[in-house]
Amino acid sequence: MQLTRHADYSLRVLIYLSLNRDKNVTIDEINDFYRISRNHLTKVVHTLSVNGFINTSRGKHGGMRLARDPGGITIGEVVRQMEPHFKLVECQSEELGDCRAAPICSLKSVLDNALEQFLSYLDGYTLADAVRPDASLAYLNKLPIGTSRNSRD
């Protein structure tokens, strides 16, 4: 299973915002940091705003901020809202579920259960858990692009 770019970028935006809770952050700032397409970021920010994860404001001092405390946003909640669907195999989709083996197959229920366990596991972690306690954007900004923070461990 792989999350869509939309979900991945949503988590990245939320992590960035959790590290910048004292100010409004712009799409350009996140674009500069992550090197993600501005077009993708605009869509992600819109979806995060519609789903109540962030507050946005326009104007000279506009930007975005987290709408809630990072400890109150679960990773599972974000993934559920950002993923368009979780159809791991064709038979999980109502419109594509015309499989000859359906009357004798239990795969759909097995995958449904696995997906629920995956999301339940993600529900056990918050946005605050996704950021190391010693996290600092100042440190990350000193690293060359493409360097993993984990490489220092």
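Which residues are exposed on the other side of helix H3? They are His46 and Val50, where exposed means over 50% relative accessible area, buried under 20% and partly exposed in between, with a 1.4 Å probe and protein chains only.

The model is predicted, so local features need pLDDT of at least 70 and side-chain atom pairs count only at pLDDT 80 or more, while totals for chains, interfaces and linings use all residues. Residues are numbered from 1 along each chain as its sequence is written, and side-chain values use heavy atoms, with hydrogens and water left out.

**Overall organisation**

The protein contains six helices and two strands, where helices (H or I, at least four residues) and strands (E, at least two) are DSSP runs numbered from the N terminus. Their order from the N terminus is α-α-α-β-β-α-α-α. Of the 153 residues, 31% count as buried. Contact here means heavy atoms within 4.5 Å. Among contacts with a separation of 6 or more, 61% come from residues 24 or more positions apart.

Helix H3 comprises 13 residues, 38–50. The expected span of a helix is 1.5 Å times one less than its number of residues; for H3 this gives 18 Å, and the end C-alpha atoms are 18 Å apart, which agrees. The buried residues of H3 are Leu41, Val44, Val45, Thr47 and Leu48. They cover an arc of only 165° around the axis, which puts them on the same side of H3; the arc is that of the directions from the helix axis to the C-beta atoms.

In H4, the residues Ile75, Gly76, Val78, Val79 and Met82 are buried. Their arc, seen down the axis of H4, is 160°, so they line one face of the helix.

| Helix | Partners of its buried residues |
|---|---|
| H3 | H1 (5–18), H2 (27–34), E1 (54–57), E2 (63–66), H4 (75–82) |
| H4 | H1, H3, H5 |

Just after H3, Gly52 has a positive phi of about 80°.

**The nonpolar core**

A nonpolar core is a set of buried Ala, Val, Leu, Ile, Met, Phe, Trp, Tyr and Cys residues joined through side-chain atoms within 4.5 Å. The largest one has 30 residues, and those with the most contacts inside it are Val13, Leu14, Leu48, Phe53, Ile54 and Met64. At least two residues of this core come from each of H1, H2, H3, E2, H4 and helix H5 (107–123). H1 gives the most, with seven residues. Leaving aside neighbours within four places in sequence, Leu48 is in contact with Ser10, Val13, Leu14, Phe53, Ile54 and Met82.

**The loop between H1 and H2**

Asn20 lies in the loop between H1 and H2. Asn20 is buried, with a relative accessible area of 10%. A polar atom of the Asn20 side chain lies 3.0 Å from the backbone oxygen of Tyr16.

Tyr16 is also linked with Phe33 and Tyr34 in a cluster of ring pairs.

Methods:
Phe/Tyr/Trp six-rings, centres within 6.5 Å; stacked < 30°, edge-to-face > 60°. Polar contact = N/O pair within 3.5 Å; in protein donor to acceptor, adjacent residues only side chain to side chain.
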